[in-house]
Amino acid sequence: MPGEEKEHVYDAASLPDLLPIYYKRLFPYGPYFKWLNYGGGEFSFTLKDDVYIRYQSFSDQQELEKEIQKRCPYKIDIGAVFTHRPKDHKTVKPAAFQAQEKELVFDIDMTDYDDVRFCCSGADICPKCWPLMQIAIKIVNRALREDFGFKHLFWVYSGRRGIHCWVCDETARKLSQTGRSAIAEYLSIVKGGENQSKKVALESPIHPSIRKAIEIIEQRFVSYAADKQDFLGDEEKQKKGHGSMYRGRYPLSNSLKHEKNNNFSLTLLRFKDMWERKDVFNRFDSSNKRWQALCKKSEETLESQKYLKEEVMLQYVYPRLDVNVSKGVNHLLKSPFCVHPKTGRVCVPIDPDNIDSFDPFKVPTISAIIEELNTTESKDEDGKKIKDYKKTSLAGSMVVFEKFLTSLENSWKGKKLEESDKKMEF
Amino acid sequence: MDFAGNSKKSGRSARNKKQFNRVGHNLQFYKIPPTGEISLQEFEEYAIDRLKVLKAVEVAGIRLMKGSTEYIQKLQDELRKTSLGHDLIRTDKKEDKDFRQKDLVSHFILRLAYCRSEELRRWFMQQELDLFRFRFLREGPDSRDEFLRENSLNYEPISDDLKTELDGDLRAAAGSKSGVVDTIEYFKVPFTEVFDLVSKRKVYLEDGYAYVSRDDMISIVITHYRSHLSHSLAVTTRALPHLEEDGRLLPMLCGLSKRYLGQDFNAKKSNVGEITADMIETLSKKSFPLCMQQLHQSLRQNHHLRHGGRQQYGLFLKGIGVSLEEAMRFWRTEFCKAMDVDKFDKQYSYNIRHNYGKEGKRTNYTPYSCMKIITTNPPGPGDFHGCPFKHMEVDMLAQKLRGQHISKDNVEKISKCVKTGHYQIACAQYFEATHNIRNPEDSASININHPNGYFLDSYKLLNGPKEGTKPVPNTPKVIKVKVEGTGTPSSQTNKQSDLNDMDDDDLIASMETDM
């Protein structure tokens with residue numbers, strides 16, 4: 001990303017002043033509309049004070065641009081393409097107004113990992129738990145490409161605590177609810193509610209897709225679980241960590257506290273038969289060493305506990321999808337390039353091939369990029385008009401977006417060469 | 001079926017004039033609706049015959065593990081007892097137009113009766129799919145191939161070279177059946193043809209293609225049938241308003257669908273009178289099924305429930321007679337122990353009003369049945385909803401039961417049921433254990449299909465009947481298959497299609513996720 005990141009504090013109160021500038025000068029309408037132009041699908045806006053407008057649709061980029069600039073939405077959601085233009089939905093019978101197609105979407109939210117991360121909870125994230133998202137991208141991205149053969153995957157940081165994936169291949173867009181559920185189920189391994197402590201059960205032999213996920217996890221597990229989370233660290237230390245943990249959605253409740261403390265012992269509990277807990281602790285002095293010792297033991301163990309090590313790893317870090325978001329053809333999902341009202345961060349694309357270089361804490365905030373705009377404005381080179389967003393820290397994200405778009409457009413060219421090409425000029 | 005046209009002549013019994021579509025195979029996807037005439041009597045007779053069949057399919061599926069030898073035996077026995085079922089499980093190739101016609105017509109009549117709500121559609125699809133799978137698997141290999149060919153679902157097996165190349169992966173994906181990989185043919189089909197296998201991760205996928213063994217080719221058939229049926233039901237729902245012009249059919253159709261579901265517990269006034277927010281705590285201990293007790297307890301403990309829990313519990317409370325005002329009071333009191341009123345009003349009150357049909361599409365939502373709770377939306381981390389008999393670890397369940405002073409024998413009995421997958425039976429045993437039912441006669445009649453049914457039965461048992469009738473330990477919500485003459489008047493009025501309503505529900509869920 002160009003320009004050294006200055007320490008910039010975003011103030012939510014300034015959002016109403018900043019949004020008009022953002023939508024006027026920075027929002028990438030051109031590529032954005034290009035991306036969605038196979039549709040005429042639904043947009044919905046959340047305005048200030050939670051005023052919610054559904055079923056917006058736009059026939060061209062100008063219309064979209066005008067409406068967004070007029071409304072200055074706090075949040076934009078993208079929905080499905082329907083049998084009729086969403087705008088006209090009131091003129092047709094409700095039963096006749098049906099969702100036809102939409103990108104296959106995935107929503108992975110850090111909140112769903114609360115029982116296995118010790119650093120934060122709720123909407124908070126930190127560099128210690130962010131690796132969970134990196135692992136999630138790696139695993140889901142691989143499966144969608146290699147197993148399902150999808151080629152046009154668009155990964156986005158949601159601006160706060162999670163990531164989204166938009167699968168834009170035609171096969172994916174045309175999937176029924178059953179099809180979407182099937183894919184989401186295929187990708188779900190961690191199962192069970194609060195009444196199920198063992199949430200991963202592997203059958204023998206391990207399915208090739210899970211095997212590949214495990215290979216990805218193995219490369220990162222120690223660095224994440226042992227080094228960053230210290231998941232087998234001293235009990236006292238663990239407890240201390242817990243005190244400051246619950247600043248989240250609801251205060252620390254008994255059951256959750258119980259659950260959380262148990263998690264650490266849960267790992268050991270499952271290794272109990274082969275290794276007395278005390279023993280592991282006394283002999284080894286770090287999470288890493290303790291984990292290695294347990295793994296080593298697990299390899300020598302019984303047939304019935306063959307995959308203990310794998311199951312523990314999967315339960316800790318395997319991606320936890322919000323299946324309900326993926327399932328519905330007309331489920332709305334927050335649009336890329338929105339600004340998260342609480343953090344001020346822009347929902348920017350993530351390059352799945354370079355996930356390690358993506359740092360959510362360096363994602364530009366609306367206030368920072370608007371300031372960049374002001375400071376760089378004078379430096380116009382050659383009098384050539386540069387797109388405003390290219391002058392800011394958004395430029396890097398735009399490269400990722402353009403790369404994705406180019407490949408998507410190439411795939412269309414075979415099909416509707418002339419027609420779509422004309423529309424795409426901007 | 002063009003009922004508007006047919007009904008004019010339907011008084012005539014015209015068996016010999018019927019011109020139903022001829023079909024080649026005993027099995028079919030029911031793609032082409034029958035045309036011809038049928039009397040109202042026959043119409044109802046056919047429907048009830050098929051209903052008996054589907055009910056048999058359901059019972060076998062609840063009691064036994066689908067696909068097991070016991071299941072196959074049981075279902076076969078049960079189907080033999082019904083007149084239509086007897087024919088449906090025949091595998092001989094004898095042309096018998098009469099039975100095929102009856103199969104076709106009865107299927108289409110029930111489509112009309114069961115397209116009216118999400119719950120009905122779900123039930124109908126599940127039973128029809130199970131029936132189809134059962135029948136298909138009874139056919140011999142040649143007959144199956146023939147069926148695939150007739151429906152253009154035939155694929156060429158992959159070459160031996162390719163099979164050798166993929167051997168390791170095929171084996172790994174075959175699970176317990178990996179031993180037969182060598183001897184069995186494999187087919188390469190787009191993954192969109194085998195969603196069943198994909199969702200259970202029972203197939204090897206590569207670059208958008210699934211490598212399906214001959215044994216699993218049934219999945220292709222089921223995927224097609226499911227998507228066809230689901231689509232057709234949606235289309236039928238849209239067409240249904242036209243039927244309203246005919247004053248005779250609609251009441252009969254409503255009557256038919258009610259026979260399965262019994263009560264949908266969506267009545268404005270429950271049978272036990274108004275329940276206020278203050279009564280919930282006490283009632284939860286005495287008369288709530290375990291799933292609702294659990295939701296209640298975790299709500300009290302955490303002052304919060306996630307979306308799935310709020311839906312399951314909220315609609316249940318509505319069903320037992322908690323008014324919107326009282327519900328609002330109940331949820332607000334509990335949630336606001338951990339958040340300010342403002343946040344509650346902003347984020348959660350809409351959802352509660354929505355469930356009572358006061359927002360959005362204004363549909364009066366129906367409390368969840370056991371089948372819905374057991375088969376859909378399983379709980380994930382942070383969730384407390386679901387069926388404890390299905391979704392709770394057996395050890396944890398046993399511990400919980402012991403904590404409620406249930407005898408060791410009973411705990412064991414319940415655990416045994418759970419382990420064999422009989423969740424509703426386990427729940428019935430829990431009912432017996434907590435209500436001191438020892439009379440074997442009573443216990444035989446306990447049949448848990450719906451949390452609200454559980455509540456009602458418990459309430460009646462503990463508080464005595466209201467109108468001085470004999471205590472009813474449990475009114476099984478089983479179908480009463482009895483010809484009750486035509487045109488049963490129905491109280492089920494203009495219940496809208498839930499197809500779209502579901503979306504609102506999803507929408508709310510989505511709105512919450514990123515706030």
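Hi everyone. Before we start, please keep in mind that this is a predicted model, where local features need pLDDT of at least 70, side-chain atom pairs count only at pLDDT 80 or more, and totals for chains, interfaces and linings use all residues. Residues are numbered from 1 along each chain as its sequence is written, chains are lettered from A and ligands numbered from 1 in the order in which they are written, and side-chain values use heavy atoms, with hydrogens and water left out.

Let's begin with chain A as a whole. Its secondary structure comes to 16 helices and 10 strands; helices here are DSSP runs of H or I with at least four residues, strands are runs of E with at least two, and both are numbered from the N terminus. Of the 426 residues in chain A, 60% are buried. Buried means under 20% relative accessible area, exposed means over 50%, and partly exposed is in between, with a 1.4 Å probe and protein chains only. Among contacts in chain A between residues at least 6 apart in sequence, 71% join residues at least 24 apart, a contact being heavy atoms within 4.5 Å.

Now find helix 3 of chain A, residues 61-71. Which of its residues are buried? They are Gln61(A), Leu64(A), Glu67(A) and Ile68(A). Seen down the axis of helix 3 of chain A, these fall within an arc of 135 degrees, so they line one face of the helix; the arc is that of the directions from the helix axis to the C-beta atoms. As background, an α-helix has 3.6 residues a turn, so residues three or four places apart point the same way. The buried residues of helix 3 of chain A pack against several elements of chain A, including helix 1 (15-26) and strand 3 (75-78). On the other side of helix 3 of chain A, Gln62(A), Lys66(A) and Lys70(A) are exposed. Just after helix 3 of chain A, Cys72(A) takes a positive phi of about 45 degrees.

One loop to look at is the one between strand 1 and strand 2 of chain A, where Asp49(A) lies. Asp49(A) is not a glycine, yet has a positive phi of about 60 degrees, and at 66% relative accessibility it counts as exposed.

Over to chain B. Helix 2 (residues 40-63) of chain B and helix 5 (residues 97-113) of chain B pack at an angle of about 90 degrees, with their axes 8 Å apart. That makes helix 2 of chain B roughly perpendicular to helix 5 of chain B, a label for angles of 65 to 115 degrees, with under 35 counting as roughly parallel, over 145 as roughly antiparallel and the rest as oblique. Among the residues that meet are Phe43(B) and Leu54(B) from helix 2 of chain B, and Val105(B) and Leu110(B) from helix 5 of chain B.

Glu58(B) also lies in helix 2 of chain B. Is Glu58(B) buried or exposed? Glu58(B) is buried, with a relative accessible area of 7%. The side chain of Glu58(B) makes a polar contact with the side chain of Trp123(B), at 3.2 Å. A polar contact is a pair of N or O atoms within 3.5 Å; within protein, one must be able to donate a hydrogen and the other to accept it, and residues adjacent in sequence count only if both atoms are side-chain atoms. Glu58(B) and Trp123(B) are 65 residues apart in sequence and 8.8 Å apart in space, C-alpha to C-alpha.

Notes. Axes are lines fitted to C-alpha atoms, for helices over the stretch in contact, and angles run from 0 to 180 degrees between N-to-C directions.
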